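Here is a walk through one chain fold, taken a few sites at a time. Keep the structure open while you read.

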Amino acid sequence: MIAMDKYERVIELAKRRGFLWPSFEIYGSTAGFWDFGPLGAALKRRIEDLWRDFYVIGEGFYEIETPTMGIEDVFVASGHVSSFVDLMVECKKCGEAFRADLVQEKCPECGGSLGDAYAFNLMFKTSIGPGSQRIGYLRPETAQGMFVDFHRLLRFYRDKLPFGVAQMGKVYRNEISPRQGVLRLREFTIAEAEIFIDPREREHPRFDDVEDVMLRLYPVKEQVGKGSMLELSVKDAIDRGIVAHQFMGYHIALIQLFLLGIGISPEKLRFRQHKEDERAHYAVDCWDAEALTDRFGWIELVGIADRGDYDLKAHAKHCQTEMTVFVPYEQPITKERTVIKPNMSAIGRKFKDKAAKIVGVLRTLSMEQLEEGVIQFEGETIPLTKDLVEYGHVTEEVRGERVMPHVIEPSYGIDRIVYALLEHSFEEERIEDETRIVLRFPPNIAPVQAAVLPLLSRDGLDEKAREIEHSLRKSGLLVDYDDSGTIGRRYRRHDEIGTPFAITIDHQTLEDETVTIRERDTMRQIRVRIKDLSGVMVGLVAGDVAFESAGTLI
RNA sequence: GCGCCGGUAGUGUAGUGGUUAUCACUAUGGCUUGCCAAGCCAUAAACCCGGGUUCGAAUCCCGGCCGGCGCACCA
């Protein structure tokens with residue numbers, strides 16, 4: 001048998017045990033679409049829930065939900081319509097592909113003739129309603145839904161910066177040639193937060209909490225030269241100018257805490273800065289959290305972009321809606337200002353259809369020009385009499401100014417995270433002549449949290465086990481009852497899907513109302529009283545209780 | 001999208017222009033054992049799809065789909 005590489009072994013396990021299945025398999029599948037089976041969906045859900053713990057609860061970024069389909073205006077404004085459409089041509093001779101707008105008649109590589117131009121756009125296009133006049137696009141990111149709601153969100157957050165908003169959901173990109181399993185999908189789940197900040201204030205109020213977090217950074221400077229990865233605290237990275245500011249630094253640290261929290265291996269995680277030519281059209285700075293995979297090398301799991309004011313500016317321009325925030329000064333400023341008050345009824349009566357243009361010229365005049373008492377208009381000299389216009393200085397208090405917020409955006413690719421976690425958790429352990437396959441998920445991430453296993457399926461052990469199963473379910477744990485085959489086989493089955501704890505009901509259970517709990521990673525066992533079991537299990541799964549202190553070690 | 005290679009039970013595979021397509025693991029039921037994939041018996045389960053060649057195609061040919069690799073693409 002030819003040895004499978006780790007990707008194949010992980011995918012083989014994922015398919016066999018119900019984590020990941022190719023979609024539409026009975027019809028031959030379609031590239032770029034994968035189903036999450038029972039365990040995959042549960043695993044993904046736990047990752048999503050932890051993400052909500054971090055961002056919605058931890059950071060106070062309320063989650064919103066906007067349509068997965070967007071109208072054309074939104075993506076014209078965002079730049080996706082223009083940035084996504086490319087006319088491509090391919091050389092008939094050598095097969096090389098080129099942007100049609102960049103080449104002439106012959107292939108620049110080999111001089112062969114070019115085929116017909118074809119358009120591709122990474123957005124799925126459809127029509128809204130009957131008659132097909134209205135174009136819709138399936139969203140390629142959730143971000144636009146949050147930008148488009150900016151005016152509402154600003155009111156919701158009572159007109160103050162900074163604030164954050166989150167959205168998790170499906171997005172769609174019509175990849176030309178998706179490969180690499182769930183790493184490149186045509187439909188996938190993204191979890192994004194948009195953090196709107198005052199660009200002049202990039203200090204993060206809780207920066208102290210993360211300043212000592214150590215990061216492995218791979219900045220542009222190091223990538224361009226023959227540099228290497230840097231191990232720095234967040235604070236040092238900012239002080240040395242490697243990470244631009246505290247908001248960026250804080251959120252890079254938060255991403256790391258999240259990824260390590262779900263079980264990504266610390267030694268297989270780094271943050272790499274995008275080089276200028278690989279940044280998206282909206283980004284002024286971008287770092288990717290990358291995970292090391294066996295077959296594909298470093299892959300992006302999370303991108304954190306400084307989108308500047310690109311999006312709000314773009315929408316403000318496109319739809320003429322105010323997208324700025326009024327930021328009050330600490331002390332109001334007194335300012336002197338020239339005020340011009342044209343008397344419209346007099347001007348209108350006197351100049352008729354030229355009235356509007358004359359007022360337009362009037363408004364451009366300085367105080368000195370107004371003092372001259374005449375105005376030049378289409379070769380005529382018009383006297384400015386008091387009945388036509390009043391002007392003068394006023395002093396007024398300016399209480400603040402309008403600011404276009406900048407956006408910091410951490411964007412998580414949930415499906416890729418699921419794969420990276422499967423691979424990083426995957427372990428083949430030699431035990432005598434056997435191979436034990438274990439998925440070492442953290443207990444709070446594992447899809448099945450506990451297995452309930454009667455040592456035998458008779459003598460009343462099975463009934464007792466059923467009782468325990470139900471009481472654990474009532475405690476909110478996802479448990480699996482299994483009485484098929486030998487106990488060893490059942491332990492192995494659960495190792496393979498990452499179940500962190502197995503509760504075994506034996507003859508002693510019937511005598512003294514105790515059960516054993518076996519820990520997946522060490523295979524050690526403790527004995528615990530049934531009346532304490534639910535509490536102990538909830539504590540173990542949450543990670544609040546150490547295994548060896550949860551009961552009597554056997 | 002281009003080029004090369006591949007596609008057999010849930011998984012890994014053997015095999016062949018010609019009766020009921022091999023084996024192992026897994027799964028299910030039973031016997032046995034009674035805390036880490038033991039043993040025995042039984043059961044279930046597959047030739048990617050379409051077309052062509054042929055008396056006969058899972059096998060040969062063509063196309064499609066899917067997968068792997070290289071190129072391109074990955075805002």
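His245 is buried, at a relative accessible area of 6%. Buried here means under 20% relative accessible area, exposed means over 50%, and partly exposed falls in between, with a 1.4 Å probe and protein chains only. His245 sits in the loop between helix H8 (234-239) and helix H9 (246-262). Helices (H or I, at least four residues) and strands (E, at least two) are DSSP runs, numbered from the N terminus. Residues up to four places away in sequence aside, His245 touches Arg202, Ile238, Asp306 and Ile408. Contact means heavy atoms within 4.5 Å.

A word on the model itself. It is predicted: local features need pLDDT of at least 70, side-chain atom pairs count only at pLDDT 80 or more, and totals for chains, interfaces and linings use all residues. Residues are numbered from 1 along each chain as its sequence is written, chains are lettered from A and ligands numbered from 1 in the order in which they are written, and side-chain values use heavy atoms, with hydrogens and water left out.

Next, Phe150. This residue lies in helix H6 (residues 150-156). Its relative accessibility is 0%, so Phe150 counts as buried. Not counting residues up to four places away in sequence, Phe150 touches Phe163, Phe196, Leu312, Met323, Val325 and Pro405. Val165 is 15 residues from Phe150 along the chain, and their C-alpha atoms are separated by 9.7 Å.

Leu312 leads on to helix H10 (residues 310-319), where Asp311, Leu312, Ala314, His315 and Ala316 are buried. What do the buried residues of H10 pack against? The partners are helix H3 (72-78), helix H5 (143-148), H6, strand E11 (187-197) and strand E16 (297-308). After H10 comes Gln320, with a positive phi near 55°.

Helix H11 (residues 344-351) has buried residues too: Ala346, Ile347 and Phe351. Seen down the axis of H11, these buried residues fall within an arc of 100°, so they line one face of the helix. The arc is that of the directions from the helix axis to the C-beta atoms. Their cover includes strand E17 (325-342), helix H12 (355-363) and strand E19 (380-383). Just after H11, Lys352 takes a positive phi of about 50°.

Ile358 is placed in helix H12. At 3% relative accessibility, Ile358 counts as buried. Beyond its neighbours within four places in sequence, Ile358 is in contact with Phe351, Ile375, Phe377 and Ile382. Glu192 is 166 residues from Ile358 in sequence and 51 Å away in space, C-alpha to C-alpha.

Now a helix pair. The axes of helix H15 (residues 461-474) and helix H18 (residues 530-542) come within 10 Å and cross at roughly 40°. The contact is made by Lys464, Ile468, Ser471 and Leu472 of H15 and Ile530, Leu533, Ser534 and Met537 of H18. H15 and H18 are therefore oblique to each other. Angles under 35 degrees count as roughly parallel, over 145 as roughly antiparallel, 65 to 115 as roughly perpendicular and the rest as oblique.

Last, the cysteines. How many disulfides does a search of the whole structure find? The count is zero. A disulfide is taken as a pair of cysteine sulfur atoms within 2.5 Å. Cys286 is buried, with a relative accessible area of 8%. Cys319 counts as partly exposed, at 39% relative accessibility.

Terms used: Axes are lines fitted to C-alpha atoms, for helices over the stretch in contact, and angles run from 0 to 180 degrees between N-to-C directions.
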